[in-house]
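Open the model in your viewer and keep the selection tool at hand. This tour goes stop by stop.

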Amino acid sequence: MDTSFNHTVTRKPTPISDAVMGMIFVLCTVAMFFSGLISAYIVNSSAPGVWPPLNQPRLPVEVTFFNTLLLVTSAVFMGRFVASFRAEKMRHRLLKISLILGTVFLLVQGTEWVKLVRFGFTSTSSLFGSFFYLIVGAHALHVLAGAGMLIYLNHSVRVGVSSEMLKPKVDAISLYWFFVCAIWPLLYWLVYIH
Amino acid sequence: MAAILAFPEITDACPMCQPGFTKDQVSAYKGITLLLALLPIVGGTALFLWIFKKYKGAGS
């Protein structure tokens with residue numbers, strides 16, 4: 001009786017990797033989450049009266065505009081990295097630049113928040129303050145998670161993980177990064193400008 | 001529809017159907033209701049079609 005279990009089950013490669021499929025489902029939930037926040041903000045901002053409420057510190061629109069450009073540029077560099085990876089001429093520097101720009105975005109956002117808090121604009125100072133920190137804070141947490149993923153990807157590239165193993169990671173993480181970079185201009189326009 | 005006909009009081013649950021809301025608020029509420037209803041349908045359909053296309057392309 002043959003009790004050996006030497007046979008291995010080889011799985012047929014699927015057109016969409018498990019990592020990408022999983023990331024798509026994550027992004028679907030994140031998209032609905034931000035849709036809920038945006039919807040609540042729109043309904044509350046359309047209430048009678050002045051919006052934003054009076055006596056609020058002026059938001060740093062200009063600084064955040066340049067910060068938005070940084071994040072969009074980070075997405076562009078990520079796109080170029082993915083393109084170079086798929087062309088089998090991977091340029092690691094592009095990934096590093098994307099990570100650095102994303103980190104700078106977070107640092108600038110954090111600095112501006114500290115200034116706003118010092119001016120008395122907090123999550124409990126007004127309804128607008130609550131929405132501001134909730135929406136912008138939720139996005140910042142997602143960017144932080146994305147930066148963590150980029151650090152992991154950067155490490156995988158640096159230690160020389162094979163292209164075959166790297167491909168699903170690159171696809172999934174780049175998808176997430178594109179999403180968080182793409183949603184920020186909408187949130188910026190809604191909260192800072194509209 | 002049958003539930004509304006049987007229990008018309010449930011329409012009182014609609015927050016925008018109460019007096020005191022402005023036209024802007026009602027418009028905003030209708031807009032976001034439409035967004036939140038259509039987004040998963042459109043997104044889900046697009047995702048399904050993309051997955052179908054990928055698998056069909058791989059099959060051929």
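Predicted model: local features only at pLDDT ≥ 70, side-chain atom pairs only at ≥ 80, totals over all residues.

**Stop 1: the contact between the chains**

Color chain A and chain B separately. Now select the residues where they touch. Chain A brings 18 residues to the contact, and chain B brings 17. About 1300 Å² is buried between chain B and chain A. Carbon and sulfur atoms give 84% of that area. Stay on the side of chain B that touches chain A: its residues are 13 nonpolar, two polar and two charged.

How many salt bridges are there between chain B and chain A? The count is zero.

**Stop 2: the largest pocket**

Next, select A:Ile16, A:Ser17, A:Lys167, A:Pro168 and A:Asp171. Of the 21 residues that line the largest pocket, these lie nearest its centre. The space in this pocket is about 620 Å³.

Now show the helices around the pocket. In chain A, pick α1 (18-45), α2 (61-86) and α5 (163-193); in chain B, pick α2 (23-59). Each of these gives two or more residues to the lining. Which element gives the most? It is α5(A), with seven residues.

Color the lining of the largest pocket by class. You will find 10 nonpolar, eight charged and three polar residues.

**Stop 3: the second largest pocket**

Move on to the second largest pocket, with a volume of about 280 Å³. From chain A, select A:Ile24, A:Cys28, A:Ala31 and A:Met32, which are among its lining residues.

Two elements, α1 of chain A and α2 of chain B, each supply at least two residues here. The most come from α2(B), which gives seven.

Color this lining by class too. Nine residues are nonpolar and two are polar. How many are charged? In the lining of the second largest pocket, there are no charged residues.

Conventions:
Residues numbered from 1 in each chain as written. Chains lettered and ligands numbered in written order. Heavy atoms only, no water. 1 Å grid on protein atoms, 1.4 Å probe; cavity = no way out; pocket = protein on both sides within 12 Å on 5 of 7 lines; lining within 4 Å. Points joined across faces, edges and corners; volume = space filled by probe spheres on them. Helix = DSSP H or I, 4+ residues; strand = E, 2+ residues; numbered from the N terminus. Nonpolar A, V, L, I, M, F, W, Y, C, P; charged D, E, K, R; others polar. Contact = heavy atoms within 4.5 Å. Buried area = accessible area lost by both parts, 1.4 Å probe. Salt bridge = Lys/Arg side-chain N within 4 Å of Asp/Glu carboxyl O.
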